[in-house]
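Colleague: I have a model open and would like to go through it with you. Can you put it up?

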Amino acid sequence: MIYTGECFCGGVKYRIEGPLRRPRICHCSRCRKAFSAQGNAYAEVDPDRFSWTQGEHLLVSYPADGTPGKRFCRVCGSTLCGVVGGRVHGVTLGTLDQDQGITLEAHIFMGSKPAWDDIGEDTPRFEEYPPNW
Ligand SMILES: [Zn+2]
Ligand SMILES: [Zn+2]
């Protein structure tokens, strides 16, 4: 399988020639802050099968000291990947261009999700915005 992805502004692009492993959404407090979102939709990749195809010079690593963290586009702020040991560990599912063949395996760290993070079945669902929004 070949996947491609890019940041919000399109300045940074990547390519994965191989499987996405352990697709999941992490609801922990660290991921909520790191990804400024409800959680982090993410899958692991083989770093040898991952390559930046455009705009690698636009990437910023955080933390900068080489501890596990993430890389984001300095122009638009999109977080594209997680980094462990200086190598790409996985990608954010939201930056992928494709969604076929990806099935979430787990919601993780549900024990530390906030009360408003409701992924239950009772919440009303809409294809787009609710009509009165
Ligand atoms: Zn960007
Ligand atoms: Zn997390």
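Modeller: Start with the contacts: among those between residues at least 6 apart in sequence, 57% join residues at least 24 apart. Two residues are in contact here if their C-beta atoms, placed from the backbone, lie within 7 Å.

Colleague: What kind of model is this, and how are residues and chains labelled?

Modeller: It is a predicted model, in which local features need pLDDT of at least 70, side-chain atom pairs count only at pLDDT 80 or more, and totals for chains, interfaces and linings use all residues. Residues are numbered from 1 along each chain as its sequence is written, while chains are lettered from A and ligands numbered from 1 in the order in which they are written.

Colleague: Which secondary structure elements does the protein have?

Modeller: One helix and ten strands. From the N terminus the order is β-β-β-α-β-β-β-β-β-β-β. Helices (H or I, at least four residues) and strands (E, at least two) are DSSP runs, numbered from the N terminus.

Colleague: And how compact is the protein?

Modeller: Its radius of gyration is 16 Å, close to the 14 Å that the globule rule gives for 133 residues, so the protein is as compact as a globular protein of that length. That radius is taken over C-alpha atoms, and the rule is 2.2 Å times the number of residues to the power 0.38. Along the principal axes, the C-alpha atoms fill a box of roughly 45 × 30 × 30 Å.

Colleague: What share of the residues is buried?

Modeller: 28% of the 133 residues. Buried means that 20 or more other C-beta atoms lie within 10 Å of the residue's own, exposed means 12 or fewer, and partly exposed is in between, with C-beta atoms placed from the backbone.

Colleague: In what sense do strand 4 and strand 9 pair?

Modeller: Antiparallel, over three bridges between residues 40-44 and residues 87-92. Ala43 stands opposite Val91 there.

Colleague: What about the open sheet of three strands, what order does that have?

Modeller: 1-2-5, with antiparallel pairing. Its edges are strand 1 (2-6) and strand 5 (50-54), each with a single partner strand, so one side of each is left without a neighbour in the sheet. Strand 1 and strand 2 (residues 13-17) are joined by five bridges, and Glu6 stands opposite Lys13.

Colleague: Which residues touch the most other members of the largest nonpolar core?

Modeller: Ile16, Ala43, Val45, Cys73, Leu80, Cys81 and Val91, out of 22 residues in that core. Strand 2, strand 3 (21-26), strand 4, strand 7, strand 8 (79-84) and strand 9 give two or more residues each to this core. A nonpolar core is a set of buried Ala, Val, Leu, Ile, Met, Phe, Trp, Tyr and Cys residues joined through C-beta atoms within 7 Å. Ile16 has contacts including Val45 and Val91.

Colleague: Is Leu104 buried or exposed?

Modeller: Exposed, because Leu104 has 12 C-beta neighbours inside 10 Å. Leu104 is in the loop between strand 9 and strand 10. Leaving aside neighbours within four places in sequence, Leu104 is in contact with Pro23, Arg24 and Ile25.

How values were computed:
Pairing = 2+ DSSP bridges.
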